[in-house]
Amino acid sequence: MQNNPRITEQLEAWVKENKGHAVLGTTAQYIPALGKVDPGKLGICMIDEDGHYYCAGDTDAEFTLQSISKALTFVALSCHYGLEFVLERVDVEPTGEAFNSIVPFEIHRPNKPFNPFINAGAITISSLLPGQNAQKKFEYLKGFLEELLSHPIEIDKEVYDSEWATSHRNRALAYYLKEANFLELEVEEALDIYISQCAIKVSVKDLALLGLILAYDGYNPITKVKHFSEEIAQVTKVLMVTCGMYNSSGNFAAHVGIPAKSGVSGGIMAAVPPKLHSQTYEFRAGAGIGVYGPAIDVQGNSAAGTMMLRQISKEWDLSIF
Ligand code: DON
């Protein structure tokens with residue numbers, strides 16, 4: 001696809017139209033450093049298979065991955081040990097509970113966490129990353145992401161400290177996981193990796209590129225590098241569709257229909273697979289999308305970002321269903 005200025009103009013118009021939906025949410029108050037950011041921001045970046053970026057709105061903002069990191073640690077762990085190893089330890093079933101709920105664990109006493117996108121599954125995955133200790137495990141993840149993004153990444157120390165100091169629920173959850181023998185590390189060490197991965201700084205451009213690699217089943221069509229297997233990409237996208245937007249995943253599938261993963265920072269990473277029979281010309285060969293809108297709804301998804309994706313998907317016929 002040519003780098004078409006009309007696409008960027010269209011995105012600018014949709015950002016303007018959807019910005020007001022931020023009032024349907026608030027910034028994540030339970031992590032003070034996230035709570036204080038400007039809730040009115042809204043930015044989007046899309047990338048096509050030729051490496052053209054189409055960006056609109058507040059695209060310069062840096063924010064943290066938060067739960068988007070859960071999809072990436074799942075890929076990183078599966079890449080090292082294979083999918084079978086990971087799926088023996090974490091299931092792929094949605095829970096219908098909040099992302100940080102202890103309820104499914106306590107009531108069902110499953111023999112593994114329900115899925116890698118709820119906190120129980122994500123903390124387990126973080127503890128299993130390759131490496132002798134927490135620091136080495138985090139370094140593995142960091143190296144993996146830097147290879148995908150082709151640039152160094154950093155932790156937002158303020159967000160890390162803020163979450164570390166207020167992580168009482170995640171700490172409680174990690175003690176449950178430890179008691180059930182799911183963790184390969186001590187509670188504080190597993191939490192350290194989990195909170196560090198959540199505090200990794202990204203931009204909408206980064207999320208768009210990661211989304212594109214997922215859309216292309218682990219292959220980067222711009223650099224021509226194959227980063228992970230189709231099998232891993234497929235299961236990750238299944239998880240994105242079934243659990244990626246938490247308890248809005250059904251609604252998101254119905255109205256947007258694009259595999260996506262959200263974070264409480266207000267970020268969304270979405271993977272648009274190629275759709276050659278599409279009704280419209282735009283992004284027929286697939287795309288990656290990064291969105292940032294820090295006012296989140298009760299489920300933990302960007303309020304304005306979700307509404308904007310709904311419009312984009314409808315107008316450009318991007319749903320996979
Ligand atoms: O564990 C937490 O509460 C955060 N670090 C991440 C939660 C999150 O992003 C859930 N997503 N929407």
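## Basis of the description

Residues are numbered from 1 along each chain as its sequence is written. Because the model is predicted, local features need pLDDT of at least 70 and side-chain atom pairs count only at pLDDT 80 or more, while totals for chains, interfaces and linings use all residues.

## Two domains

The protein chain is divided into domain 1 (5-63 + 203-316) and domain 2 (68-198), with bounds that come from an automatic or database domain assignment. The C-alpha centres of the two domains lie 22 Å apart. Between them, 31 residues of domain 1 are in contact with 22 residues of domain 2, where contact means that the C-beta atoms of two residues, placed from the backbone, lie within 7 Å.

On the side of domain 1 that touches domain 2, the elements giving two or more residues are helix H2 (32-35), helix H11 (204-215), helix H12 (230-243), strand S7 (260-262) and strand S8 (267-272). Helices (H or I, at least four residues) and strands (E, at least two) are DSSP runs, numbered from the N terminus. H12 gives the most to this side, with nine residues. By type, the residues of this side of domain 1 divide into 18 nonpolar, ten polar and three charged; here Ala, Val, Leu, Ile, Met, Phe, Trp, Tyr, Cys and Pro count as nonpolar, Asp, Glu, Lys and Arg as charged, and the others, Gly among them, as polar.

## The five-stranded sheet

An open sheet is formed by five strands in the order S2-S1-S9-S8-S7, with antiparallel pairing; two strands pair if DSSP finds at least two bridges between them. Strand S2 (53-57) and S7 stand at the edges with a single partner strand each, so one side of each is left without a neighbour in the sheet. On average, neighbouring strands of this sheet are turned by 10 degrees against each other, direction ignored. H11 lies across S1, S2, S8 and strand S9 (287-292), and runs at about 145 degrees to S9, where axes are lines fitted to C-alpha atoms, for helices over the stretch in contact, and angles run from 0 to 180 degrees between N-to-C directions.

Strand S1 (residues 43-47) is joined to S2 by five bridges, and S1 also pairs with S9 over five bridges in the antiparallel sense. Five of the five residues of S1 are buried, so S1 is largely enclosed by the rest of the structure; a residue is buried if 20 or more other C-beta atoms lie within 10 Å of its own, exposed if 12 or fewer, and partly exposed in between. Gly43, Cys45 and Ile47 point one way from S1, whereas Ile44 and Met46 point the other way.

Asparagine 119 lies in helix H6 (residues 119-128) and is buried, with 23 other C-beta atoms within 10 Å. Asparagine 170 is found in helix H9 (residues 168-179) and is buried too, with 22 such atoms within 10 Å.

Leaving aside neighbours within four places in sequence, asparagine 119 is in contact with Phe99, Asn100, Asn170 and Leu173.
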